[in-house]
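User: I am new to this structure and would like a close look at one part of it. Could you take me through the strands and their hairpins, and then show me what surrounds them?

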Amino acid sequence: MNFNELDRKMRRFEQSMDQVIWPELYLVARLDGRNFTKLTKEICEFEVPFDIRFRDAMIGTTRRLMECGFRIVYGYTESDEISLLFHREDNAFGHKSRKINSLMAGEASAYMSLQLGVPACFDCRVVPLPNLECVGDYFVWRQEDAHRNSLNAHCYWMLRGKGMSAPEATRRLAGRSIAWKNELLFAEKINYNGLPDWQKRGVGLYYDTYEKKGYNPVKKQEESTIRRRIEITMSLEMGEAYRKWVCGLAAEA
């Protein structure tokens, strides 16, 4: 069997599990850190419940993913996860989920490892969404997850700081309502609503345009051009306002 015949034969096996996402669908990739609890609390010893250094490393990783070759409209990060909304016309690697998952996870893992100076690993999953309404639902869902995790983290670490063990603090919070947890913090003079928005709502990254002035040596005159850059917002809207904003980014792309 010559090489060309062998190549055709083996590529059939290699490509047998390829899944191609329909181009008509909206596409989101979500990445999650693997064993990040150990990474952040034991190896890097970040502050709890939130650490600015870790937040900035996650923002930097999100920015890297938005610039690594895919057309990303919006990047959202909270805790140890990142969600990326693709441009409707992006067709990198033919929309093969295998390529998107492996490349996104690889880029994120490599960049975060360099940021922290220790090995860090992400997994990635592709989330196909049928319409703009589902795009809004997805990001509202992730933001609500950020809010619930943030509230629980502040309560948990407040109880740990008062001397409770990990199992005791977990049992104390199990099944408790959002209102109860807010009251628990308020009793300790912690106003949850007054905490930084990025801790409660996550951080958003999106492209915006700006005017750049320069000098044209050929025409010997000053000229202006329109450029694009990534903007970062630490104070996202919530609920319906957030949904409309994200859907607007998707629709304008």
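Analyst: Happy to. Let's begin at a turn: in the hairpin of β5 and β6, 4 residues lie between the strands, and K220 there takes a positive phi near 55 degrees. A word on what you are looking at: this is a predicted model, in which local features need pLDDT of at least 70 and side-chain atom pairs count only at pLDDT 80 or more, while totals for chains, interfaces and linings use all residues. Residues are numbered from 1 along each chain as its sequence is written, and side-chain values use heavy atoms, with hydrogens and water left out.

Strands here are DSSP runs of E with at least two residues, and helices are runs of H or I with at least four, numbered from the N terminus. Two strands pair if DSSP finds at least two bridges between them. β5 pairs with strand β6 (residues 221–233) in the antiparallel sense, over 13 bridges. One place to look is D208, whose bridge partner in β6 is R229.

β5 itself (residues 203–216) also pairs with β2, again in the antiparallel sense, over 4 bridges. There, T77 has V203 of β5 as its bridge partner. Now follow β2 (residues 72–78): 7 of its 7 residues are buried, where buried means under 20% relative accessible area, exposed over 50% and partly exposed in between, using a 1.4 Å probe and protein chains only.

β2 has another antiparallel partner in strand β3 (residues 81–86), with 6 bridges. I72 is bridged to F86 of β3. These two strands form a hairpin with 2 residues between them, and S79 in the turn has a positive phi of about 55 degrees.

Next, the helices. Q199 sits in helix α8 (residues 197–201). Its relative accessibility is 12%, so Q199 counts as buried. Beyond neighbours within four places in sequence, Q199 is in contact (heavy atoms within 4.5 Å) with F50, A146, S150 and H154.

F186 is exposed, at 55% relative accessible area. F186 and K162 are 24 residues apart in sequence, with their C-alpha atoms 15 Å apart in space.

Further along, K244 belongs to helix α9 (residues 239–252) and is exposed, with a relative accessible area of 59%. K244 and G136 are 108 residues apart along the chain, yet 7.2 Å separates their C-alpha atoms.

Stepping back, the protein has 9 helices and 6 strands. Of its 253 residues, 40% are buried. Among contacts with a separation of 6 or more, 68% join residues 24 or more positions apart.
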